[in-house]
Amino acid sequence: MHDLGFHALLFLVSTTVIVAVSCMFSEPEDAAALRLFPRRLARFLIGSAIVLGVMLALEHTLAAVS
Amino acid sequence: MTPTLPQRTGDPTVATLLTWLVPGAGHLYLKQTRIALAAFVLLEGLYVLGVLLSQGMFLEILPAEMRGRFAAALTPEAGNLGALLLHVRQYGFGGLEPRPWPAHMDLGMALTATSGLLNLLLASHAHLLARTPAAGPSTPQRPSPAAAAALTWVLPGLGHLAQGRRARGLVALALVVGLFALATFLAEGSNLDRERHFYYWAGQFLLGPAALAVEFAHGHPTLTSLPDYKDAGVVLGSIAGMLNVLLMLDVYGYGETKWFQRPEPAPAPTA
């Protein structure tokens, strides 16, 4: 249940599917959608990492209860 | 001099709203009588059959704290608004005493939900027809954009295949159905039950008959303990359904572009 690695893998799998389908939606041409995918995936992962960092910082400062 | 645009068949907003209220009404407004009658009989028939099988009890699933005024607005049934309003008016949240679910409760709810979703696709078809010149589309398409979207609902990627976009269709099928399969595996099938996850079920329902087939094959398991990853399964299953909406919009948009595209003029003959 608390397996961090498995949670990260689930996040990566779901993120890949979400970004891939959003690329299909954005670009009607297959080649253009394929070119868009790595850049968009990287941006999504970096954005998520920033949100994670902010949440952890808040958890250990403002929201800490111990 | 500005070229004269071909006249539309009708007002797209009116056609869409009429269909939303009564299946087929938008097509009747557009003088597509045969489609209107067939849609009315099929979609209202599905809804009525669903209500009969479920004894109109689908909102009785909701716990007391979730029985708000707009509780029914986030259900697939809201796609057939007129039928849903009558349904809620007639049955509401049930009486004070809880009743046992009828034997075919799940099938009944699947039918009412299907009626709602198909009516939304019908409304998109009415909207498209209303924008189409009376002489017909620039490039007639088979399947029509709305039919391609319906095929995508039937099976993710099928609409792409019907449009000749084979690679995209197969990738879409593998990704979305794969995510749904992973979700169901993680939740050990507990994600498939509308009685257990009323609104998440609606998200998964967007994956279409594939999700319903798994639900009925799995048989709504009685759980003796909660699976470790039940929450991840419910959320990922719902995401898979919502991603299928993006795929439906993709095929609709692609088909729509072709539908209104004017054919390129033939090159001038060379001397």
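A residue is called buried here if 20 or more other C-beta atoms lie within 10 Å of its own, exposed if 12 or fewer do, and partly exposed in between. The model under discussion is predicted. Under the burial criterion, B:Y200, B:W201, B:A202, B:G203, B:Q204 and B:F205 are buried in helix 9 of chain B. Helix 9, residues 198-205, is thus mostly covered, with six of its eight residues buried. The cover comes from several partners: the buried residues of helix 9 of chain B pack against helix 5, helix 10 (209-218) and helix 11 of chain B.

The buried set consists of B:P145, B:A146, B:A148, B:A149, B:A150, B:L151, B:T152 and B:W153. These residues pack against helix 5, helix 7 (158-162) and helix 11 (230-260) of chain B.

These helices belong to a chain that holds 11 helices and zero strands. The C-alpha trace of chain B spans about 85 × 40 × 30 Å along its principal axes. Of the 271 residues in chain B, 49% are buried. Among contacts in chain B between residues at least 6 apart in sequence, 75% join residues at least 24 apart.

The domain assignment divides chain B into domain 1 (9-133) and domain 2 (142-263). Taken over C-alpha atoms, the centres of domain 1 and domain 2 of chain B are separated by 20 Å. Contact between the two domains of chain B involves 14 residues of domain 1 and 17 residues of domain 2. On the side of domain 1 of chain B that touches domain 2, 10 residues are nonpolar, three are polar and one is charged.

The core draws at least three residues from each of domain 1 (9-133) and domain 2 (142-263) of chain B. For B:A240, the contacts beyond its neighbours within four places in sequence are B:V176, B:L179, B:F180, B:A183 and B:L207.

What does each chain bring to the contact between chain A and chain B? Chain A provides 13 residues and chain B provides 17 residues. On the side of chain A that touches chain B, helix 1 (residues 4-26) of chain A gives the most, with 10 residues. By class, that side of chain A has 10 nonpolar residues, two polar residues and one charged residue.

Two packed helices are described by the angle between their axes and the distance between the axes. The axes of helix 1 of chain A and helix 8 (residues 166-186) of chain B come within 10 Å and cross at roughly 150°. The crossing of helix 1 of chain A with helix 8 of chain B is left-handed. Helix 1 of chain A takes part through A:V13, A:S14, A:V17, A:A20, A:V21 and A:M24, while helix 8 of chain B contributes B:R168, B:A172, B:L175, B:V176, B:L179 and B:L182. The classes in this helix pair are 10 nonpolar, one polar and one charged.

Most residues other than glycine have a negative phi. B:K31, which is not a glycine, has a positive phi near 65°. This residue is placed in the loop between helix 2 (25-29) and helix 3 (33-54) of chain B. With 11 other C-beta atoms within 10 Å, B:K31 is exposed. B:E188 likewise has a positive phi, of about 55°, although it is not a glycine. B:E188 lies in the loop between helix 8 and helix 9 of chain B. Is B:E188 exposed or partly exposed? B:E188 is partly exposed, because 18 other C-beta atoms lie within 10 Å.

B:W101 is in the loop between helix 4 (81-91) and helix 5 of chain B. This tryptophan is partly exposed, as 17 other C-beta atoms lie within 10 Å. Although B:W101 and B:Q55 are 46 residues apart in sequence, they are 8.5 Å apart in space, C-alpha to C-alpha.

Definitions and conventions:
Residues numbered from 1 in each chain as written. Chains lettered and ligands numbered in written order. Predicted model: local features only at pLDDT ≥ 70, side-chain atom pairs only at ≥ 80, totals over all residues. Contact = placed C-beta atoms within 7 Å. Helix = DSSP H or I, 4+ residues; strand = E, 2+ residues; numbered from the N terminus. Nonpolar A, V, L, I, M, F, W, Y, C, P; charged D, E, K, R; others polar. Domains from an automatic or database assignment. Axes fitted to C-alpha atoms, helices over the stretch in contact; angles between N-to-C directions. Left-handed = near helix turned anticlockwise from the far one by under 90°.
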